[in-house]
Amino acid sequence: PLIICKDADLDQAANAAHVGLFLNMGQCCCASSRIFIHEDVHDAFIEKIVKMAGRLRTQGDTTSETDIPLCDLGPQVDK
């Protein structure tokens, strides 16, 4: 699990959660499948992570602007 404390650097925490969730489609032993967030920073953290997820490219899109090319998502199932 990923634990976000109330004194955490939320930019760094959001980046770690994002990579943990989307790198290798979440199929690795370090995936951020469970995230525990201190209630004092919950809303701010969620806002950051939702914005990051919205910047992902999907379905083979290689032309849209993004600052997160490391986590491009392709088709999940071929057949």
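**Figure 1. Overall organisation of the chain.** Residues 24 or more positions apart account for 58% of the contacts (heavy atoms within 4.5 Å) in the chain with a separation of 6 or more. The model is a predicted one, in which local features need pLDDT of at least 70, side-chain atom pairs count only at pLDDT 80 or more, and totals for chains, interfaces and linings use all residues. Residues are numbered from 1 along each chain as its sequence is written, and side-chain values use heavy atoms, with hydrogens and water left out. The chain contains two helices and two strands, arranged from the N terminus in the order β-α-β-α; helices (H or I, at least four residues) and strands (E, at least two) are DSSP runs, numbered from the N terminus. Of its 79 residues, 23% count as buried, a term that denotes under 20% relative accessible area, with exposed meaning over 50% and partly exposed the range in between (1.4 Å probe, protein chains only). The accessible surface amounts to about 5,700 Å², and carbon and sulfur atoms contribute 53% of this surface; areas come from the Shrake-Rupley method with a 1.4 Å probe, and for residues only the protein chains shown count as cover.

**Figure 2. The largest nonpolar core.** Nine residues form this core: Ile4, Leu10, Ala13, Ala14, Ala17, Val41, Phe45, Ile49 and Met52. Helices α1 (10–22) and α2 (42–54) each supply at least two of its residues, and α1 gives the most, with four. A nonpolar core is here a set of buried Ala, Val, Leu, Ile, Met, Phe, Trp, Tyr and Cys residues joined through side-chain atoms within 4.5 Å. In soluble globular proteins, nonpolar side chains tend to be buried together.

**Figure 3. Helix α1 and its buried face.** The end C-alpha atoms of α1 are 18 Å apart, in agreement with the 18 Å that its 13 residues should span at 1.5 Å a residue; the expected span is 1.5 Å times one less than the number of residues. Leu10, Ala13, Ala14, Ala17, His18 and Gly20 are buried in this helix. Viewed down the axis, these buried residues fall within an arc of 170°, so they line one face of α1; the arc is that of the directions from the helix axis to the C-beta atoms. They pack against β1, β2 (35–37) and α2. The face turned away from the buried side carries the exposed residues Asp11 and Gln12.

**Figure 4. Surroundings of Cys5 and Val41.** Cys5 lies in the loop between β1 (2–4) and α1 and is partly exposed, with a relative accessible area of 42%. Beyond its neighbours within four places in sequence, Cys5 touches His38 and Val41. Its C-alpha atom is separated by 8.7 Å from that of Asp40, 35 residues away along the chain. With neighbours within four places again left aside, Val41 is in contact with Ile4, Cys5, Lys6 and Leu10.

**Figure 5. The two salt bridges.** Lys48 bridges to Asp11, with the closest N and O atoms 2.7 Å apart. This pair links distant parts of the chain, Lys48 belonging to helix α2 and Asp11 to helix α1, 37 residues apart. Lys48 is partly exposed, at 30% relative accessible area. In the second pair, the side chains of Lys51 and Glu47 meet at 3.4 Å, N to O. Being four residues apart in α2, Lys51 and Glu47 are separated by about one helical turn. Lys51 counts as exposed at 52% relative accessibility, and Glu47 as partly exposed at 47%.

Note on methods. Salt bridge = Lys/Arg side-chain N within 4 Å of Asp/Glu carboxyl O.
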